[in-house]
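Q: I would like to learn how to read helices, sheets and a ligand shell from a model. Could we work through one together, feature by feature?

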Amino acid sequence: MLLEVKDLCVSYGDIEAVHGISFKIDQGELVSIIGANGAGKTTTLRALMGLQPVKSGSIFFEGADITNLPAHKRARMGIRTVPERARCFPQLSVYENLQMGVYGISSKLKKELDSIYELFPILQERSRQSASTLSGGEQQQLAIARALVSSPRLLLVDEVSMGLMPKLATQVFEVLRALNKDKGLTILLVEQNALSSLNVSDRGYVLETGNIVIEGTASELIKDERVIESYLGIQ
Ligand SMILES: Nc1ncnc2c1ncn2[C@@H]1O[C@H](COP(=O)(O)OP(=O)(O)OP(=O)(O)O)[C@@H](O)[C@H]1O
Ligand SMILES: [Mg+2]
């Protein structure tokens, strides 16, 4: 088991946003947590990254208890995130943004760059251009690329399709699926876009107001009447 979360509770002050959820991700899996606005998806990811303190419960990464480990140590263990509405460093060039992803170890970046540019050709074309000149969708690609250059062990992706036109969103989901299937990268997607994320996932969890209410394989969830009614109905 790569990641195991047990009875995780996360609060903002007196208000508890995540009420004791448990889930697991195996090495090499692509797993989705789907849920509506305010369900607690971002809160869960922030707790996994070490950016939001855990009120109770535990988080294990490769069997090690990381519940109270600072964020930079988790990053060093290979846990990386593409945050919600991911922002680039606008004043830096596309290439310099990618360099930030490997913490300035430029020899490491050179090794990764070919495969990154193969996934996202636009980033090669624009590598010397300031990141502020990229479109929203291109900046989203840069944010994913920046997380990938450090060869993560576990990639946590928050609402990657937000703000992308459907065609580009589909491409981004396909890139994530390819990274998972071809490179064996373990990925956790949290998404409102339930159908697109389940379509590329092995398994999924449904988060409702801070509780996991349904779990199963992606194909089970896509057929589940409760999921269809609440999350797939409008798609
Ligand atoms: N910094 C904060 N302070 C207080 N409450 C917060 C804070 N951030 C989030 N919350 C609350 O915690 C709950 C879960 O929010 P969260 O951002 O995790 O939801 P989400 O599932 O990511 O939603 P969305 O799909 O809109 O991104 C919400 O009720 C939200 O209002
Ligand atoms: Mg969110």
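Q: Across which strands does helix α6 lie, and at about what angle does it run to β6?

A: Elements here are DSSP runs numbered from the N terminus, helices being H or I of at least four residues and strands E of at least two; contact means C-beta atoms, placed from the backbone, within 7 Å; axes are lines fitted to C-alpha atoms, for helices over the stretch in contact, and angles run from 0 to 180 degrees between N-to-C directions. Helix α6 (residues 136-148) lies across β6 and β7 (154-158), and runs at about 175° to β6. This is a predicted model, in which local features need pLDDT of at least 70 and side-chain atom pairs count only at pLDDT 80 or more, while totals for chains, interfaces and linings use all residues. Residues are numbered from 1 along each chain as its sequence is written, and chains are lettered from A and ligands numbered from 1 in the order in which they are written.

Q: What is the strand order of the open sheet of 6 strands?

A: Strands of a sheet pair through backbone hydrogen bonds, either parallel or antiparallel. Two strands count as paired if DSSP finds at least two bridges between them. The order here is β6-β7-β8-β3-β9-β10, with mixed pairing. Because β6 (79-82) and β10 (211-217) stand at the edges with a single partner strand each, one side of each is left without a neighbour in the sheet. On average, neighbouring strands of this sheet are turned by 15° against each other, direction ignored.

Q: Which residues come nearest to ligand 1?

A: A residue is near a molecule if its C-beta atom, placed from the backbone, lies within 6 Å of it. Of the 14 residues around ligand 1, Tyr12, Ala17, Lys41, Thr42 and Thr43 come nearest. The elements giving two or more residues to this shell are β2 and α1, and α1 supplies the largest share, 3 residues.

How values were computed:
Two residues are in contact if their C-beta atoms, placed from the backbone, lie within 7 Å.
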